[in-house]
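Good morning, and thank you for making time for this item.

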Amino acid sequence: MKIAVVGAGVVGIATAYELAADGHTVTVFDKSAAACEEASFANSGLVAPSMQLPFAFPSEKGNATMRFLDTGRRLTRSPWSALQEIKSLWRWTHPHGPDTHAKQYASAQQLGRYSAERLQYVIERSQIEIERSEGQLVLVRTEQALQRLQPTLDALKTQDIACKVLSPEEARKQEPSLHSEAPFHAALWLPGDKVANCRQFALELKTVTQKMGVNYQFGADVQDLNLQPRPTLTVANSQGTEVVTADHVVLCTNRAPRHLLLKHPLNIPMVELHGYVLSVAVREPLNAPRSAVHDLHGNLVINRLGNRIRVSAGAELGPKPETKNAKVVNAMYRALELYFPGAANYPAGTQVWHGTRHTIADGLPAIGPSGLPHLSLNIGHGACGWTWACGSARLLADQIAGRLAAMTMDPMLPTRFLR
Ligand SMILES: Cc1cc2nc3c(=O)[nH]c(=O)nc-3n(C[C@H](O)[C@H](O)[C@H](O)COP(=O)(O)OP(=O)(O)OC[C@H]3O[C@@H](n4cnc5c(N)ncnc54)[C@H](O)[C@@H]3O)c2cc1C
């Protein structure tokens with residue numbers, strides 16, 4: 001089939017790879033000037049089947065009201081000042097009843113595990129070299145906080161995801177540079193999680209797909225989509241506007257583009273959560289983290305990517321602010337000095353990236369047939385898009401081919417939002 005993929009982030013490129021591997025003729029359209037200019041640009045790089053990623057899911061405390069208030073308290077910009085933000089927060093926290101939450105979490109972990117295997121397969125098969133390291137250490141401040149994690153530990157066990165509770169001494173064997181005064185009571189060691197450079201992988205894979213015949217068009221904004229009798233896309237580019245036909249269209253646009261889906265009976269409830277990633281050069285490798293260190297209390301991750309350290313933090317609901325939140329940015333610098341003093345060389349290169357997690361209200365992505373002819377979706381990966389990219393891409397390609405999927409897709413089908 002002739003397939004048009006819209007979006008050249010990590011999800012779009014992984015999807016193009018799997019579709020081309022199945023023998024389809026693939027063209028990828030992206031409105032940006034290059035690949036991975038949006039959410040896949042500088043994320044924190046965790047590939048975490050454990051789902052221990054900041055803001056992957058809202059708080060799971062108590063009833064709906066408790067979850068709503070507790071999640072609101074953890075955001076780094078108060079959601080209480082604007083009605084729209086309160087509505088978004090309500091939408092995000094409301095469907096997560098304890099039972100629903102457990103099921104969604106289990107689906108997320110399954111997809112994470114499948115995806116990590118698929119990532120490894122693609123790396124080996126395509127002989128891609130990327131910066132990566134193994135394991136995530138989750139720091140827990142108090143005994144009470146550790147006890148509150150019991151449901152998480154049970155869920156990891158049910159999913160066969162390896163996790164070990166470590167004392168501070170044991171944790172320092174995994175991360176020898178962790179400062180002696182770092183405030184934590186215990187740590188979870190998740191050996192199956194990884195840190196890997198998302199953008200580097202996607203750009204390398206793009207080259208691989210080009211050799212497989214995939215065509216990329218950048219500066220190509222898909223402005224309209226008609227599906228009947230045959231899909232046509234209206235694409236605006238530097239030459240003007242052109243109409244392109246295809247046999248099938250796959251949206252990998254991260255968000256659910258209203259203007260493309262308006263005419264169609266799909267209403268996907270999305271929540272936008274903006275966050276920050278600080279990247280700095282390593283000054284002294286001996287003082288830098290080996291892999292990922294996650295401060296659960298501060299909702300903050302510090303990790304190592306080659307000769308850089310990345311710190312990610314922050315969650316802001318609502319419209320993306322023009323200016324960066326100085327309080328969050330300062331907290332990232334402070335955390336780096338608290339946990340890994342002397343590791344960073346600030347003058348040698350420092351970047352603060354402000355990105356957006358486009359999250360579907362129930363925490364799972366929308367992967368598969370849209371319920372409309374010739375249109376599939378692979379969107380809404382929220383805080384886990386790098387973790388889920390390679391698995392989602394393969395699952396989607398299998399569905400298009402009419403093959404049996406490697407896992408139960410029902411909770412992730414876009415048709416759950418047919419109105
Ligand atoms: C602060 C932060 C930290 C994160 N950390 C992690 C992490 O540690 N681990 C993890 O798994 N995930 C993480 N994520 C999430 C992850 O980065 C995203 O889920 C993932 O990059 C989404 O990839 P994507 O390809 O779907 O979207 P994108 O990379 O945003 O790509 C979508 C593309 O679609 C294009 N597009 C949209 N509309 C159109 C149109 N109409 N026409 C043409 N092109 C269009 C855009 O230009 C864009 O290039 C993090 C996100 C943030 C913000």
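Predicted model: local features only at pLDDT ≥ 70, side-chain atom pairs only at ≥ 80, totals over all residues.

Which residues gather in a patch of positive charge on the surface? They are Lys 87, Arg 91, Arg 258 and Arg 419. Residues are numbered from 1 along each chain as its sequence is written, and side-chain values use heavy atoms, with hydrogens and water left out.

A patch is made of residues with over 30% relative accessible area and no salt bridge, with like charges joined within 9 Å and nonpolar side chains (Val, Leu, Ile, Met, Phe, Trp, Tyr) within 5 Å. Lys and Arg count as positive and Asp and Glu as negative, while His and the chain ends are not counted. The place of a charge is taken as NZ of Lys, CZ of Arg, CG of Asp or CD of Glu. Accessible areas come from the Shrake-Rupley method with a 1.4 Å probe, and for residues only the protein chains shown count as cover.

Helices (H or I, at least four residues) and strands (E, at least two) are DSSP runs, numbered from the N terminus. Arg 419 counts as exposed, because its relative accessibility is 59%. The classes are buried under 20% relative accessible area, exposed over 50%, and partly exposed in between (1.4 Å probe, protein chains only).

I turn now to pairs of opposite charge. Side chains of opposite charge can pair when their charged atoms come close. A salt bridge here is a side-chain nitrogen of Lys or Arg within 4 Å of a carboxyl oxygen of Asp or Glu. How many salt bridges does a search of the whole structure find? The search gives 16.

One of them joins Arg 394 to Glu 18, with the closest N and O atoms 2.6 Å apart. This pair links distant parts of the chain, since Arg 394 sits in helix H11 and Glu 18 in helix H1 (residues 10–21), 376 residues apart. Arg 394 is buried, at 7% relative accessible area, and Glu 18 also counts as buried, at 1%. Both residues belong to a network of salt bridges that links Glu 18, Asp 22, Arg 118, Arg 394, Asp 398 and Arg 403.

A salt bridge also forms between Asp 70 and Lys 61, whose closest N and O atoms are 3.6 Å apart. Asp 70 is buried, with a relative accessible area of 9%, whereas Lys 61 counts as partly exposed at 35%.

Asp 247 and Arg 230 meet through their side chains in another salt bridge, at 3.1 Å from N to O. Asp 247 lies in the loop between strand E10 (240–245) and strand E11 (248–251), and Arg 230 in the loop between strand E8 (221–226) and strand E9 (232–237), 17 residues apart. Asp 247 is partly exposed at 27% relative accessibility, as is Arg 230 at 37%.

Next, the cysteines. How many disulfides does the structure hold? The number is 0, where a disulfide is a pair of cysteine sulfur atoms within 2.5 Å. Cys 198 counts as buried at 2% relative accessibility, and Cys 252 is buried at 6%.

Cys 384 is found in the loop between strand E18 (375–379) and H11, and counts as buried at 2% relative accessibility. The C-alpha atoms of Cys 384 and Ala 48 are separated by 8.0 Å, although these residues are 336 apart along the chain.

Finally, the backbone. Most residues other than glycine have a negative phi, and most peptide bonds are trans. Where does a cis peptide bond occur? A cis bond joins Gln 228 and Pro 229, with omega about -5°, and Pro 229 lies in the loop between E8 and E9.

Met 51 has a positive phi of about 70°, and Phe 55 has a positive phi near 60°. Met 51 is found in the loop between strand E3 (46–47) and helix H2 (64–74), and Phe 55 is found in the loop between E3 and H2. Met 51 counts as buried at 3% relative accessibility, and Phe 55 is buried at 2%.
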